[in-house]
Amino acid sequence: MNKFVVLVLMAILSQFNVVSAEIISVAPEYEQRYKHILSELRCLVCQNQTVAESSSGLANDLRIEVKEMLERGATDQEILTFMSDRYGDFVLYNPPIKPRTFLLWIGPFLLLVGGIIFALILVKRRAKNITDNQLSEHEKQRLKDLLDEKNNQEDKNKE
Amino acid sequence: MVAEIGQFALVIALCLAVAQSIIPLIGAHRNNLSWMSVGRTAASGQFLFLLISFVCLTYCFVTNDFSVLYVANNSNTKLPVYYQISAVWGAHEGSLLLWVLALSAWGFAVSIFSRALPADMIARVLAVMGMIGIGFILFTLLTSNPFERLFPAAVEGRDLNPLLQDPGLVIHPPMLYMGYVGFSVAFAFAIAALLSGKLDSAWVRWSRPWASVAWVFLTIGIALGSWWAYHELGWGGWWFWDPVENASFMPWLVGTALIHSLTVTEKRSTFKSWTILLSILAFSLSLLGTFLVRSGVLVSVHSFASDPARGVYILGFLAVVVGGSLTLYAWRATQFTVGGRFELVSKETMLLINNVLLVVAMITILIGTLYPLFLDALGLPKLSVGPPYFSAVFVPLMLPLVVLMGIGPIAKWRRVPVKELFSQLKVFLLLGVALGIILPLAIYRDTTVMTTIGIAAAAWAILTALYVVLRLIVKRDGSTSIGKAYSKIPRAMLGMMIAHIGIGVFILGVVFTSAFSDQKEISVKFGEEVGLAGYTFVLEKVTGIQGANYQAMRGSVNVTKQAVPVVTLYPEKRIYTVQRNPMTEPGIQTGVFRDLYVSLGEPINDNEWGFRIYYRPFIQWVWIGTLLMAMGGLLGAMDKRYRNLSKANAKRNSVPHTTPT
């Protein structure tokens, strides 16, 4: 029975074109770089997966491609450039620095610097301009109410 | 019949939402108490009818009523009952119904727990929540009616997406939605403050616990989503900087900023208009998140229901809410008083910088998430913005925040000498750096600069958080006992400590798991030994099993460490009977210091399989840390002063009193 289920399921799996998925073993000296490169490549036919994670046929082809390039002695950058030449920047999860990605890369740090400078200027100006005791009439009244209430409560507690 | 009752209840809820948004508002304007009180009644009624509607839909699922289109699309007679129930929010229409139910639940909660508030304030708050309710119930009815009939009825349902058949997905969406929608309360309070022009520290004390609780829900929701991804996607990751994850992370960051800014507004009655702006922003980002996920403009592994036509409605609604509230803000925010004085080095400034960092982090994620869309819209070549970008930009932004986290809680309000801070903290600085260097070397005999910095930051966060509270006990009066000194510590402070420790624990988990994880992806014959991180994995056999609504191949993997058996794991490859796509169900052994994680790849031949094994050190700390953050938030929200305040106000309000507007 078990054997039968396995056979049936293997037949079903074969429809997904994954049964023949080769497990690609990379020589240990390349392994670290191989993993790293795959994690920066986008599987183009999947929803949103890296080539390392995807089990699609295309991802499989790309894995073989990366492995072969590594063995031919290509550098990481050469492999990534090759991929983006072939598939466009869409394939790279790490967007390259180009005029049209300046805003993407520099924007956050500009905002940070701008935000902090703005905040500090604000603080400085406040420290100069504001004196304490700027309570409105309404607030003074309310403060008095609250204090009275608190005192009453404390009196009660003492009783 | 039940489906029609459900739909009818939805329409009644809409009518009640309309009443809730108009009558109390007029009442508040005219100072008419009976009109104002309509808000409470309508809010309770809206909740009741949405609950009826929700129960009806659930009933349709449980009874396999495939004459309802939504049920036929997302359920199946073979589906286990608990997944039939969670299938109610498994796709767009039902999750929207859950969204409005959550919204009305918050409205109902406000109407119950805020009896102590001035009547005009509560009237305005509930009116604003009613308006949001109208928007979303109308959206449900017009574009995404879950009760639509299918004629002729289907014989069998098309089943729930197999990816969603997981315990994590049963509770993840409700939590996440409670968080998203929970910010509507803080939002409504902000709008009410703008409308009435009253923003005193009492207002903050009403608004603050609501913001905290919403933040707690969102924290748990996000953590569950990540936990689900880890367990279900089958490749051992826990956060992918995926657009849908980002969509929930943005309101979280702003919510975190809001909680901190509310502290300043409460204690020093300053940062008022900024707090209001953050309240508006947090909810707007929740709406934006809903839009991004529901409209299908983003490509993601998490989104399962999208339709561009619906996107247009939400975008319109978003424009009305954001545009309307910002206009109101621009018009009225200048009227608030400026509050107390403080100097450059003070707790106020540090919390301000905290807010700048959190908001910049949010904008960064926003830019990263939307940049591909902008380029696309401009007709430029497509671009991907993925994890490498976010790690490169996000980490440098968060590091100063963690440093600040150690200093801020000790700093005094108004002014604090730098010397004093330094003399208190230098020990922890040294300890943190020392631990950062030693820990990775001691445990893994290896380290990098980033790992050292990360662990140092985590140690710093935990140690300083402990110090904030422990010094109150150590430096107590000679006469007070330890227990008494402890009981005197405000819960808000304990909560803060626990949440900050949680962040430290979280960072520890993230740093260790990203630095020292190991994995192998290989093909193995049955009985062949594979070594990874000191463990030996042997795939003994693969057997076929029959699940409730799926068939699976289950591998038995024996794990040993130096010939001592550790565990037997059972990863599965499932084929769900109806939808027929293969699903990977990893076998995981969870441990405090490491997870062992195996998943089956594809069969090569009769006795050889593709096989993925992962060694994930400290990964559970990621979720333990988030859990601590949530607990801290909850503890803070339960602080005595919020309860005392409601009692005091209840007394005052028992005599009907009116406040000048």
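The model is predicted: local features need pLDDT of at least 70, side-chain atom pairs count only at pLDDT 80 or more, and totals for chains, interfaces and linings use all residues. Residues are numbered from 1 along each chain as its sequence is written, while chains are lettered from A and ligands numbered from 1 in the order in which they are written.

The C-alpha trace of chain B spans about 80 × 75 × 55 Å along its principal axes. Chain B holds 19 helices and 10 strands. Helices (H or I, at least four residues) and strands (E, at least two) are DSSP runs, numbered from the N terminus. Of the 661 residues in chain B, 55% are buried. Buried means that 20 or more other C-beta atoms lie within 10 Å of the residue's own; exposed means 12 or fewer, and partly exposed lies in between, with C-beta atoms placed from the backbone. Among contacts in chain B with a separation of 6 or more, 74% link residues 24 or more positions apart. A contact requires C-beta atoms, placed from the backbone, within 7 Å.

The largest nonpolar core has 198 residues. Such a core is a set of buried Ala, Val, Leu, Ile, Met, Phe, Trp, Tyr and Cys residues joined through C-beta atoms within 7 Å. Those with the most contacts inside the largest core include B:Val125, B:Phe189 and B:Ile507. Helix 7 (residues 167-196) of chain B gives the most to this core, with 19 residues. A second, separate core of 22 residues includes B:Tyr576, B:Met583, B:Trp609 and B:Phe611.

Leaving aside neighbours within four places in sequence, B:Ile507 is in contact with B:Val402, B:Gly454, B:Ala457, B:Ala458 and B:Ala461. B:Val204 lies in helix 8 (residues 201-232) of chain B. B:Val204 is buried because 22 other C-beta atoms lie within 10 Å. Beyond four places in sequence, B:Val204 is in contact with B:Leu262, B:Thr265 and B:Glu266. B:Val204 and B:Phe189 are 15 residues apart in sequence and 9.1 Å apart in space, C-alpha to C-alpha.

In chain B, 4 strands form an open antiparallel sheet in the order 1-10-9-8. Strands pair if DSSP finds at least two bridges between them. Strand 1 (518-525) and strand 8 (587-589) of chain B are the edge strands, each pairing on one side only. Strand 8 of chain B pairs with strand 9 (residues 594-605) of chain B over 3 bridges, in the antiparallel sense. Here B:Gln589 stands opposite B:Leu596.

Strand 2 (residues 529-532) and strand 3 (residues 535-546) of chain B run antiparallel and are joined by 4 bridges. B:Leu532 has B:Tyr535 as its bridge partner. The hairpin of strands 2 and 3 of chain B has 2 residues between the strands, and B:Ala533 takes a positive phi near 50 degrees. Strand 3 of chain B also runs antiparallel to strand 4 (residues 550-561) of chain B, with 11 bridges. B:Phe537 is partnered by B:Val559 in strand 4 of chain B. A hairpin of 3 residues joins strands 3 and 4 of chain B.

Methods
Two residues are in contact if their C-beta atoms, placed from the backbone, lie within 7 Å.
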